[in-house]
Amino acid sequence: MAPISVLNEIPEWLNLAIAFLIGIGFGFALEQAGFSSSRKLAGMFYGYDTTVLKVFFTAAIVALIGSQLLSYFGLLNLNLVYVNPYYVNAALIGSVIMGAGFIMGGFCPGTGISALSIGKLDALIFLIGGLTGAFLFAESYPTIQTLASTNYRGPVRMDEWMGVSPGMFSFLLILAAILLFWLAEKAEKKFPRPDITSEI
Amino acid sequence: MNARIKLSILLAGVGLLLAFLPFNASKTFRLSPGELLKINYQDHLFTVDEVARFMNSEDSAVQLIDLRSNAEFMECNIPGSINIPLDDLLNPDWEGYLNQGEKRNIFYGNGDETAAEAWTITTGLGYKNIFVMKGGMNEWYKTVMLSKFEGDRITPRENALFENRYRARRTFTEINSLPDNLKRQYLEAKRLEESQLDGGCE
Amino acid sequence: MVVVNRFTSMKINKNIAWIIALLVVLTVLVLVRTFNQNLFKRNAADAVEAAKNNTVTVDELQSINSEFYIVELDENAGQFEQSISIPFEQILEQSNRDKLENLEGNIYIFSNSIDRSARAWVILNQLGFDNVYILSNTTEPEAFKYKFQPDTSVGPEF
Amino acid sequence: MKRKNYMNPYLAGVLLGLVLLSAMFFSGRGLGASGGIKYAVVAAVEAVDQQHAMESSYYSKYFENGENPLKSWLALEVLGMFLGGFLSGALSGRLKFTVEHSPKISKNKRLLFAFLGGVFFVYGAQLARGCTSGAALSGMAVLSVAGFVTMVGIFGSAYLFAWFFRKLWI
């Protein structure tokens, strides 16, 4: 019965060791996908390389399907898996700022870490910028605290919000992903691809 | 055949399967009917005297849960309890409280019926550490609040028992005699301790 | 040319065969789970909802005109005339489940300790029985019989 | 050592999905990255100016339970990411100190925008309580509305801003 660390008393070192192992897997998968290259990532927004979309949606859907099936077979209690709380203002404004950061820096924090680990110095600068950003946020927190925590909706889930079963919502999401994958591969053929092979 | 088409076929197939799953496993009982029936309910009961002792010693490994309506709860409750009316039992906000492996949750209603229902539902859902205060609030009132020692000579055992009841009675009366606004503050403070699931980038 | 074509089409078939095999295995597993008799499949919230109105007292039985059955859950049944005896421990036996399913009309379950009927009621509700009620021999089993007397002369020490 | 190509994106996606699923299975939570960055800042501020850290409403909540913020799940996971990325780079022959930039822009320009990008991204991630991994990816896997909103917000606004920054990339 899972989640293991929630339902069982496990020593802290083991919990942290699991975190470390999962981190290894996470970093490995990101690097193998090619997320250690900012120009490959940026290709998403100019249509020449849509790896981001493919990896992102495949990963989310695989985890979604896996968790739904494990739950159906009584192996995983989904009620005990963290669901991100929804703060409307914070999510909207924060994600727009993140989008701007993404197109300027060419990384997101996770991909920046995987790029730095293979020696990309631009990723190092990106992460230093990230530390600065986190510091600025912490210092400005008192002034934006209200913005960050108003309009709170709780940990709502899409299926509840739309009033369908989680399985049905997953199915619709999968159909959307299949359509997006098809469009993405069409786009890759259409938009000129700058020569980034020397970089990767 | 490229990877996209293979993956699309696989995902579409599994998606179709998911769309027609007949029940939502995160909302149904995890124990099988047989398992649930076999659990010895008597092993999950506490007497009011035991609960009074937990209350007197402010035992942090015990969480009392009042299943009655909010109005009844506000009128009087066992100090240290939190109020989860039976109607609200499955509200996800309480899941972190009820579904955990550390504290013992002790349910009580006014009688035995509500608590037994709530016990069966939560135990069926796979929650551990769910117990019931036998007799509920009526038994508590009769035994802890109103009983008097009658007899000529008191044995040490009875003495300890009544000592315990008197202490519980005093705390119960003190806390429940607070004006409503103070009582609410006391309850809010309790509520904030609610354990939450850990995750995200927080 | 023909050989090459046949070769590629075989390869495609092999790929699809793997995917189909995986899907079939998953479907079989899901079906096994779905038709497992020994499994609750009902939303637990249904029990919470139905519990709001699931108790009838012995006095109220007099005014019920439609057909009903009383099921006694205690070993030494016999408090009611013409009641059906199904001890609590045996409610899941197939013969008893069949018996309950074949009763048309409301079923009132009774036990001397109401917690036993309450537990049986939740289990039966989650197995899909919507016509089962708890029979209570006291008028309001869940009412507070006392009145708390506040004592404002004693203040808590803060 | 010969360079190997990147993994097929769909296969990499399946791999990443399984990693995320195991995080849910073992720890009941999703993946995260920006949280690790924040913990580093919290720890650094505490080391430099402990009084400030204790007084600030923001920092102090990370010291409430008396634990070192670097001994948290997220911090360890981020440490693991470095090792995982390094292993992958070593296996595929991609380890190299370099600044990757479009030939049309100078190295310094790339580094300047990388810095600005980092500031914006992590600031936004703190506000939205998670980045692409913590909020969007993990959120989508548990069907969280916040996850979907964040995902649409990040990619939508990146597409909007893409036109202004096209010189950086193409």
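**A tour of chains B and C**

Select chains B and C: 48 residues of chain B are in contact with 45 residues of chain C, contact being C-beta atoms, placed from the backbone, within 7 Å. Now colour α6 (113-124) of chain B; α6(B) gives seven residues, the largest share of the side of chain B that touches chain C. On that side, 24 residues are nonpolar, 15 polar and nine charged; Ala, Val, Leu, Ile, Met, Phe, Trp, Tyr, Cys and Pro count as nonpolar, Asp, Glu, Lys and Arg as charged, and the others, Gly among them, as polar.

This is a predicted model, where local features need pLDDT of at least 70, side-chain atom pairs count only at pLDDT 80 or more, and totals for chains, interfaces and linings use all residues. Residues are numbered from 1 along each chain as its sequence is written, while chains are lettered from A and ligands numbered from 1 in the order in which they are written.

Move to chain C and select its five strands, an open sheet with parallel pairing in the order β1-β5-β4-β2-β3. Strands pair if DSSP finds at least two bridges between them. β1 (55-57) and β3 (84-85) of chain C are at the edges with a single partner strand each, so one side of each has no neighbour in the sheet.

Zoom in on β2 (residues 68-72) of chain C, which two bridges join to β3(C). Here E72(C) stands opposite S85(C).

Key: Helix = DSSP H or I, 4+ residues; strand = E, 2+ residues; numbered from the N terminus. Contact = placed C-beta atoms within 7 Å.
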